[in-house]
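Please keep the sequence and the model open while you work.

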Amino acid sequence: MAKLELNFSGMEAYLEQLNRLGANVKEEAEKALIESGEIVSRELHERMKEHHVTGETESSIIEPKVEWKGTKASMRFGFNYKKGGEPALYLEKGRPHQKPTPVIKPALEAAEADVKAAQEEALKRAIERAQR
């Protein structure tokens with residue numbers, strides 16, 4: 001399972017501006033994380049298409065939810081191994097006679113630039129809403 005965090009590096013100014021405008025920074029950060037998480041989720045589904053046999057493994061992809069620990073927000077991505085996702089474990093780790101063909105880490109890496117852009121855009125929209 002992988003984790004996506006809202007990376008505030010380079011976005012402190014947006015968060016400070018939201019705070020000065022009296023916006024709910026935690027709520028807006030969560031919206032930004034959800035929006036960027038959807039990008040990763042789509043990428044993960046797309047990568048699973050090349051491994052499609054029955055569709056059961058793809059349907060076991062966990063729909064990410066925001067988790068808060070103090071002021072740190074994150075989302076987990078991966079497969080529910082109890083609900084058809086066990087073959088994904090073999091894709092990720094391989095078997096004695098099967099090389100690993102990971103999908104989670106490559107999906108996160110492929111979506112990285114789009115995730116950062118989506119988070120930044122979501123915070124900009126939040127500022128615009130707060131200014132009205």
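**Exercise 1.** In which crossing, left-handed or right-handed, does α1 pass α5?

*Solution.* Begin with the basis of the work: this is a predicted model, in which local features need pLDDT of at least 70 and side-chain atom pairs count only at pLDDT 80 or more, while totals for chains, interfaces and linings use all residues. Residues are numbered from 1 along each chain as its sequence is written, and side-chain values use heavy atoms, with hydrogens and water left out.

Next, recall that two packed helices are described by the angle between their axes and the distance between the axes. Helix α1 covers residues 12-20 and helix α5 residues 104-131; helices (H or I, at least four residues) and strands (E, at least two) are DSSP runs, numbered from the N terminus. The two axes come within 10 Å and cross at roughly 20°, where axes are lines fitted to C-alpha atoms, for helices over the stretch in contact, and angles run from 0 to 180 degrees between N-to-C directions. Helices α1 and α5 are therefore roughly parallel to each other (angles under 35 degrees count as roughly parallel, over 145 as roughly antiparallel, 65 to 115 as roughly perpendicular and the rest as oblique).

Finally, α1 passes α5 in a left-handed crossing, meaning that the near helix is turned anticlockwise from the far one by less than a right angle, whereas clockwise would be right-handed.

**Exercise 2.** Which residues in α1 meet which residues in α5?

*Solution.* On the α1 side the residues are Y14, L15, Q17 and L18, and on the α5 side they are E120, L123, K124, A126, I127 and Q131, with contact meaning heavy atoms within 4.5 Å. By class, this contact has six nonpolar, two polar and two charged residues (Ala, Val, Leu, Ile, Met, Phe, Trp, Tyr, Cys and Pro count as nonpolar, Asp, Glu, Lys and Arg as charged, and the others, Gly among them, as polar).

**Exercise 3.** At what angle do α2 and α5 pack, and how far apart are their axes?

*Solution.* The angle is about 150° and the axes are 7 Å apart, and α2 and α5 are therefore roughly antiparallel to each other. Helix α2 passes α5 in a right-handed crossing, and the residues of this contact divide into 16 nonpolar, two polar and eight charged.

**Exercise 4.** With which residue does E35 form a salt bridge?

*Solution.* Side chains of opposite charge can pair when their charged atoms come close. A salt bridge is a side-chain nitrogen of Lys or Arg within 4 Å of a carboxyl oxygen of Asp or Glu, and E35 forms one with R125, the closest N and O atoms being 2.4 Å apart. Since E35 lies in helix α2 and R125 in helix α5, the pair ties together parts that are 90 residues apart in sequence. E35 is partly exposed at 26% relative accessibility, as is R125 at 30% (buried means under 20% relative accessible area, exposed over 50%, partly exposed in between, with a 1.4 Å probe and protein chains only).

**Exercise 5.** How many residues apart are E27 and K31 in helix α2?

*Solution.* They lie four residues apart, about one turn of the helix, and E27 forms a salt bridge with K31 in which the closest N and O atoms are 3.7 Å apart. E27 is partly exposed at 40% relative accessibility, and K31 is partly exposed at 37%. A search of the whole structure finds nine salt bridges, among them that of E67 with R76 (3.4 Å, N to O).
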